[in-house]
Amino acid sequence: MEDQAAPLLAESGIPLIQVDAHNVVPVWCASPKREVGARTLRPKINKLLPEFLTDFPKLEPNSQDVTQSNDNNNNNNNNNNNKPKKISWQACAEYLQVDPTIPPPMGEAFRPGTKSAMKRFDTFLQGTTTTTKSNAKSSTISEGLKTFDTHRNDPNHSNVCTNMSPWINHGHVSFQRLALLAKALHKHPNGTAAYLEEGIVRRELSDNFVYYSRENYDDLTTAAVWAQDSLELHCADEREYVYCLKEFVEGKTHDDLWNAAQLQLVNEGKMHGFLRMYWAKKILEWTESPTIALRTGLYLNDRYALDGNDPNGFVGVGWSMMGIHDMGWKERPIFGKIRFMNYAGCKRKFKVANFVAKYRGASENAVKAAKQHGCLVSSSSAAGKRKR
């Protein structure tokens, strides 16, 4: 928008004031260039936080504006022609070309509005207690800011994360407000530090990438040279599995964990952050080429995620598929030097079976898909143990 508006305003002499309401530190103040990664942006952000991470000023009403507003209201009351027009939400939906085939998320988890957002965030700050059972044993964990630094990558603990990204993405609440509230609590220093790192440094790193890559932020050409060369070298590698878009959408792969993550996305409107990395990397592994993989991952994320169409989503998929803000790793088929993730690694991090069990159809779809590919699978996991 600024690229389009600036020349017009320069010619007319009208001043242009731009506000970055998405970040704590405005993206153009944080850095004048695209950063390599968090390690280069973090010191720049931290240096500027004392200036920008400050409380919002209290606004006092202007007595003259109040008087004029009251006079206008009195005049309106005497004139029936000034009654507000009834809003046609159907017309709004048609103008926006809303896709009716995608239903609203199940449940009340992401009810829109600032009030609902702050209710959820207060729960995160205060914490909740969850009891899980496994092998006749039960364990209790406090979910929220207190354990954010230690359990945020376990998708079985859904309330450890704030789950605030849909509200932030749609402007119902600013991250600056959330950061100030978390700091003001003066509790759980490790959890608070981890939360601010993700919410400020990591989020603003995504904005930095998109802002300084406006022409190709969602294209393979924006990846580092090592990543482009590596993906091109392995583009023709044989894939054991190749799925079409419909199979991806419906969560019908041989991998029950991937299916569960996709069903979570479609049904709930949001996927756990750790799983999105695994989910995206498997799309790279199970499509004909990196170009198709990137297009597929961005399509699914933007179409079904309430926090889609956002720099975090673009960079999250880009990190997983083309090494954005990452480094080259051990070379392997298909992935080249892109960081690899597999099912066994997920099993070491959290109880995969517990997560899969939450999503009806994930395991059943995996068994069907595996049979179609001529694999013998275990009943607990179609992806965990298979024989050709």
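## Asn365 and its contacts

Start with Asn365, which touches Glu250, Gly251, Lys252, Thr253 and Asn259 once residues up to four places away in sequence are set aside. This is a predicted model, and in it Asn365 belongs to helix H19, which covers residues 362–372. The relative accessibility of Asn365 is 15%. Buried means under 20% here, so Asn365 counts as buried.

## The largest nonpolar core

Which residues of the largest nonpolar core touch the most other members? They are Leu257, Trp279, Ile283, Met321 and Phe350, in a core of 48 residues. Helix H14, running over residues 273–285, gives the most to this core, with seven residues.

Trp279 is worth a look in the viewer. Leaving out neighbours within four places in sequence, Trp279 has contacts with Trp258, Ala261, Gln262, Leu265 and Met271, and also with Gly297, Leu300, Asn301 and Val317.

## Cysteines, but no disulfides

How many disulfides turn up in a search of the whole structure? The count is zero. As a reminder, a disulfide is a covalent bond between the sulfur atoms of two cysteines.

## Two positive phi angles

If you like checking backbone torsions, take Gln97: its phi is positive, about 55°, although Gln97 is not a glycine. Gln97 lies in the loop between helix H5 (89–96) and helix H6 (114–126). Is Gln97 buried or exposed? Its relative accessible area is 71%, and since exposed means over 50%, Gln97 is exposed.

His188 is another residue other than glycine with a positive phi, in this case near 50°. Where does His188 sit? Its place is in the loop between helix H9 (175–185) and helix H10 (189–211). With 25% relative accessibility, His188 counts as partly exposed.

Notes:
Residues numbered from 1 in each chain as written. Predicted model: local features only at pLDDT ≥ 70, side-chain atom pairs only at ≥ 80, totals over all residues. Heavy atoms only, no water. Helix = DSSP H or I, 4+ residues; strand = E, 2+ residues; numbered from the N terminus. Buried < 20%, exposed > 50% of the residue type's maximum accessible area, 1.4 Å probe, protein only. Disulfide = S-S within 2.5 Å. Contact = heavy atoms within 4.5 Å. Core = buried A, V, L, I, M, F, W, Y, C linked by side-chain atoms within 4.5 Å.
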